[in-house]
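Please look at the sequence and the structure before reading on.

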Amino acid sequence: MKKIYFICTGNSCRSQMAEGFAKEAFSENWQVESAGIEAHGVNPLAVKAMAEVNIDLSHNKSKLIDTDFLNDCDLVVTLCGDAKDRCPMTPPSVKKLHWPLPDPAQATGTEAEKMIVFRQVRDQIKDLVNDLAVSLV
C-alpha cells in the first residue's frame, strides 16, 4: 500500500482538510494521514468548512509527525513554509511536494469573515488534492 502524509504546523486546519479530501480522492491503494510539527487541536472552523462539502472532520485528532510513517511514505506534502522548513529529514525514496497555502487560522474579523478565508483555503486544497490524485493514478 502506498502512503501519503500531509503536514502543516499544527495539524489543525490545512493538513486536516487535505487528509479529508484525499481520503475521498485517492484510491484504496493509498493510506492517507496528516500530522503537524506541533499538535494544536483541530480548528472548529476547519470542521465547519469541511462539513459544508460533506466531509466530517469532527472526530479527527491533531497529531504530531510519526517519524516511522514519514520515512515509509511515498509522498509527503507540506502545506506551509514552517512545516517545509521544520519537517524532519526523509530518505531519498520519499517524494516531497510543497503547497504554500495561507493559514486560515490567522484570519481576523467576525466568524462569518473568518469562514470566507477558510472556504477559500478549503477550495484551494480540494483542487490541489484532486489534481494530485489524478496525476498519481
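Is Lys3 buried or exposed? Lys3 has a relative accessible area of 16%, and it counts as buried because the cut-off is under 20%.

## Overview

The structure is a predicted model. Eight salt bridges turn up when the whole structure is searched.

## Asp72 and Lys3

Lys3 pairs with Asp72 in a salt bridge, and their closest N and O atoms are 2.6 Å apart. Lys3 belongs to strand β1 (residues 2–8), while Asp72 sits in the loop between α3 (67–71) and β3 (75–78), so the bridge ties together parts that are 69 residues apart in sequence.

## Arg14 and Asp103

A salt bridge also links the side chains of Arg14 and Asp103, with an N to O distance of 3.7 Å. Arg14 is in helix α1 (residues 14–25) and Asp103 is in the loop between β4 (95–98) and α5 (111–135), so this pair connects parts that are 89 residues apart in sequence.

Arg14 is buried, with a relative accessible area of 5%. Asp103 is partly exposed, at 26%.

## Glu19 and Lys23

Within helix α1, Glu19 and Lys23 are four residues apart, which means that about one helical turn separates them. Their side chains form a salt bridge at 2.8 Å, N to O. Glu19 is buried, with a relative accessible area of 5%.

## A network

Glu52, Arg119, Arg122 and Asp123 form one network, joined by salt bridges that share partners.

Technical notes
Residues numbered from 1 in each chain as written. Predicted model: local features only at pLDDT ≥ 70, side-chain atom pairs only at ≥ 80, totals over all residues. Heavy atoms only, no water. Salt bridge = Lys/Arg side-chain N within 4 Å of Asp/Glu carboxyl O. Helix = DSSP H or I, 4+ residues; strand = E, 2+ residues; numbered from the N terminus. Buried < 20%, exposed > 50% of the residue type's maximum accessible area, 1.4 Å probe, protein only.
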